[in-house]
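Subject: Structure handover and findings

Hello,

Here is the structure I promised to pass on. Please have it open while you read the notes below.

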Amino acid sequence: MVKPTRVENRIRALRFAHGELTQADLAERIGVTRQTVIAIEQGKYSPSLEVAFQIARVFGVPLDDVFQYPDGA
Amino acid sequence: MAQEEKVAWIGLVVGIVTGVVYGVVLAARAAGGPLVEAPYVDAMLWSIGIGIIVTAVVTIVVAILTRRDGQGTDVRDRQISARAEHTARAVLVIGALAALVLAMLEADHFWIAHALFLGFYASAVLEGITKVALYRGGVPAW
């Protein structure tokens, strides 16, 4: 099955590296639903640039530590 | 499941059921005779009204029963809704154009009403299917 987005992310790893932050907690901090965080993690939804920056800010890392766009994508 | 996805499922199921029931009622009233002679106005109005009311009631009940899932909507819900509306709009336009042509040809009111009804109905069903597909399969880049 073709993935809806070619943007990859490390949100799951970053959540666990930050005290096992839950999807619900992350969702609340960036102002989206938990289902949207799940969809982003699974690569089913590319967040807006604004939401992407908010996620990076929660983890205190640069944007490209959270999201990657592989070469040739 | 996001609240808006539940609403999409409810609208889709209720829409399909009311449409099928309307078709069955219309066929029964025609009783093998010409469809155009079957009384349809009350059945059509009831199917629209019942569809709206049942969708609203079931949505409220499901929202109460599943309130732990969260009730909010966000940017993804709005994007999915816009994408689904955009997809379904073409069908609505086709229904309206068909009704326009039928009116110009001075076709029976039955066919004009049903071209519009079918346009609304098919567009609502397509919108529901699109929403469900986007929620389940993901939102591709536009």
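First, the ground rules. This is a predicted model, so local features need pLDDT of at least 70 and side-chain atom pairs count only at pLDDT 80 or more, while totals for chains, interfaces and linings use all residues. Residues are numbered from 1 along each chain as its sequence is written, chains are lettered from A and ligands numbered from 1 in the order in which they are written, and side-chain values use heavy atoms, with hydrogens and water left out.

**Helix pair in chain B**

Start with helix α1 (residues 3-30) and helix α4 (residues 109-137) of chain B. Helices here are DSSP runs of H or I with at least four residues, strands are runs of E with at least two, and both are numbered from the N terminus. The two axes lie 9 Å apart, at an angle of about 150°. Axes are lines fitted to C-alpha atoms, for helices over the stretch in contact, and angles run from 0 to 180 degrees between N-to-C directions. α1(B) and α4(B) are therefore roughly antiparallel. The cut-offs are under 35 degrees for roughly parallel, over 145 for roughly antiparallel, 65 to 115 for roughly perpendicular, and oblique for the rest.

The crossing of α1(B) and α4(B) is left-handed. That is, the near helix is turned anticlockwise from the far one by less than a right angle; clockwise would be right-handed. On the α1(B) side, the contact residues include Trp9(B), Leu12(B), Ile16(B) and Leu26(B). On the α4(B) side, they include Phe110(B), Phe117(B), Tyr121(B) and Val132(B). Contact means heavy atoms within 4.5 Å. By class, the contact has 14 nonpolar, four polar and four charged residues. Nonpolar covers Ala, Val, Leu, Ile, Met, Phe, Trp, Tyr, Cys and Pro; charged covers Asp, Glu, Lys and Arg; the others, Gly among them, are polar.

**Salt bridges**

There are four salt bridges over all chains. The rule asks for a side-chain nitrogen of Lys or Arg within 4 Å of a carboxyl oxygen of Asp or Glu.

- Glu5(B) and Arg136(B) pair at 2.8 Å, N to O. Glu5(B) sits in α1 and Arg136(B) in α4 of chain B, 131 residues apart. Glu5(B) is buried, at 4% relative accessibility. Arg136(B) is partly exposed, at 46%. Buried means under 20% relative accessible area, exposed over 50%, and partly exposed in between, with a 1.4 Å probe and protein chains only.
- Arg29(B) and Asp42(B) pair with their closest N and O atoms 2.7 Å apart. Arg29(B) is in α1 and Asp42(B) in helix α2 (residues 41-65) of chain B, 13 residues apart. Arg29(B) is partly exposed at 34%. Asp42(B) is partly exposed at 36%.
- Arg15(A) and Glu41(A) pair at 2.5 Å, N to O. Arg15(A) is in helix α1 (residues 11-17) and Glu41(A) in helix α3 (residues 34-41) of chain A, 26 residues apart. Both are buried.

**An enclosed helix in chain A**

Glu41(A) leads on to α3(A). Six of the eight residues of α3(A) are buried, so this helix is largely enclosed by the rest of the structure. The buried residues are Gln35(A), Thr36(A), Val37(A), Ala39(A), Ile40(A) and Glu41(A). Their cover includes β1 (8-9), α1, α2 (23-30), α4 (49-59) and β2 (67-68) of chain A, together with α3 (75-104) of chain B. Gly43(A) follows α3(A), with a positive phi near 75°.

**Single residues**

Ser123(B) is in helix α4 of chain B. Ser123(B) is buried, at 8%. Not counting residues up to four places away in sequence, Ser123(B) touches Ala88(B), Val91(B), Leu92(B) and Leu118(B).

Two non-glycine residues with positive phi are worth a look. Glu20(A) has a phi of about 50°. Glu20(A) lies in the loop between α1 and α2 of chain A, and is exposed at 54%. Ala31(B) has a phi near 50°. Ala31(B) lies in the loop between α1 and α2 of chain B, and is exposed at 64%.

Last, Gly19(A) is in the loop between α1 and α2 of chain A. Gly19(A) is exposed at 66%. Gly19(A) and Arg6(A) are 13 residues apart in sequence and 28 Å apart in space, C-alpha to C-alpha.

Best wishes
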